[in-house]
Amino acid sequence: MSLSDLGNLGEFVGAIAVIVSVLYLAYQIRQGARATRADIYQGLPLAVAHELQATGRDPEATRIFITGQTRPEELAGFEVNQFRLLIVAVFMRF
């Protein structure tokens, strides 16, 4: 085996190692994206629950929220804006 043959073999082994490294990197990136997506999906219900808890602690906000969902025509001008803000806050979580 000549020095040239050893150089060619080294290049070949190096190329295989680069391909394996790139494939492993792609796998790790994919796993990281899945983990991030899972965290987002898990955090979403908690964020909405937190928003609704905050609304539920305030009797006036609760009244406006329920009235806005069931009988929106009964809300006064400012209450309509409060209801819209409550709904926007919940939908912003999505």
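Residues are numbered from 1 along each chain as its sequence is written, and side-chain values use heavy atoms, with hydrogens and water left out. Since the model is a prediction, local features need pLDDT of at least 70 and side-chain atom pairs count only at pLDDT 80 or more, while totals for chains, interfaces and linings use all residues.

Take the inside first. The largest nonpolar core is built from six residues, namely Ala-61, Ile-64, Phe-65, Leu-75, Phe-83 and Leu-86. Such a core is a set of buried Ala, Val, Leu, Ile, Met, Phe, Trp, Tyr and Cys residues joined through side-chain atoms within 4.5 Å; buried means under 20% relative accessible area, exposed over 50%, and partly exposed in between (1.4 Å probe, protein chains only). Two elements, helix 2 (59-70) and helix 3 (77-93), each put two or more residues into this core, and helix 2 gives the most, with three. Helices here are DSSP runs of H or I with at least four residues, numbered from the N terminus. Ala-61 touches Thr-55 and Leu-86, leaving out residues up to four places away in sequence, where contact means heavy atoms within 4.5 Å. In general, nonpolar side chains in soluble globular proteins tend to be buried together.

The core also holds two rings, Phe-65 and Phe-83. The count of aromatic pairs comes to one: Phe-65 and Phe-83 sit 6.3 Å apart centre to centre, tilted, with 50° between the planes. For the record, rings of Phe, Tyr and Trp (its six-membered ring) pair if their centres lie within 6.5 Å, with planes under 30 degrees apart called stacked, over 60 edge-to-face and the rest tilted. This pair links distant parts of the chain, Phe-65 being in helix 2 and Phe-83 in helix 3, 18 residues apart. Phe-65 is buried at 14% relative accessible area, and Phe-83 is buried at 15%.

On to the charges. The whole structure has three salt bridges, each a side-chain nitrogen of Lys or Arg within 4 Å of a carboxyl oxygen of Asp or Glu. Arg-63 meets Glu-60 at 2.7 Å, N to O; both lie in helix 2, three residues apart, or about one turn of the helix. Arg-63 also meets Glu-79, at 2.3 Å, N to O, and that pair ties helix 2 (Arg-63) to helix 3 (Glu-79) across 16 residues. Elsewhere, Glu-74 bridges to Arg-71, the closest N and O atoms being 3.0 Å apart, and Arg-71 is partly exposed at 35%.

Neighbours within four places in sequence aside, Thr-67 is in contact with Pro-72, Glu-74 and Leu-75. Thr-67 is buried, with 7% relative accessible area.

Finally, the surface. A nonpolar patch of about 1,100 Å² is made by Met-1, Leu-3, Leu-6, Leu-9, Phe-12, Val-13, Ile-16, Ile-19, Val-20 and Leu-23. Of these, Val-13 is found in helix 1 (residues 3-57). Patches are made of residues with over 30% relative accessible area and no salt bridge, like charges being joined within 9 Å and nonpolar side chains (Val, Leu, Ile, Met, Phe, Trp, Tyr) within 5 Å. Accessible areas come from the Shrake-Rupley method with a 1.4 Å probe, and for residues, only the protein chains shown count as cover.
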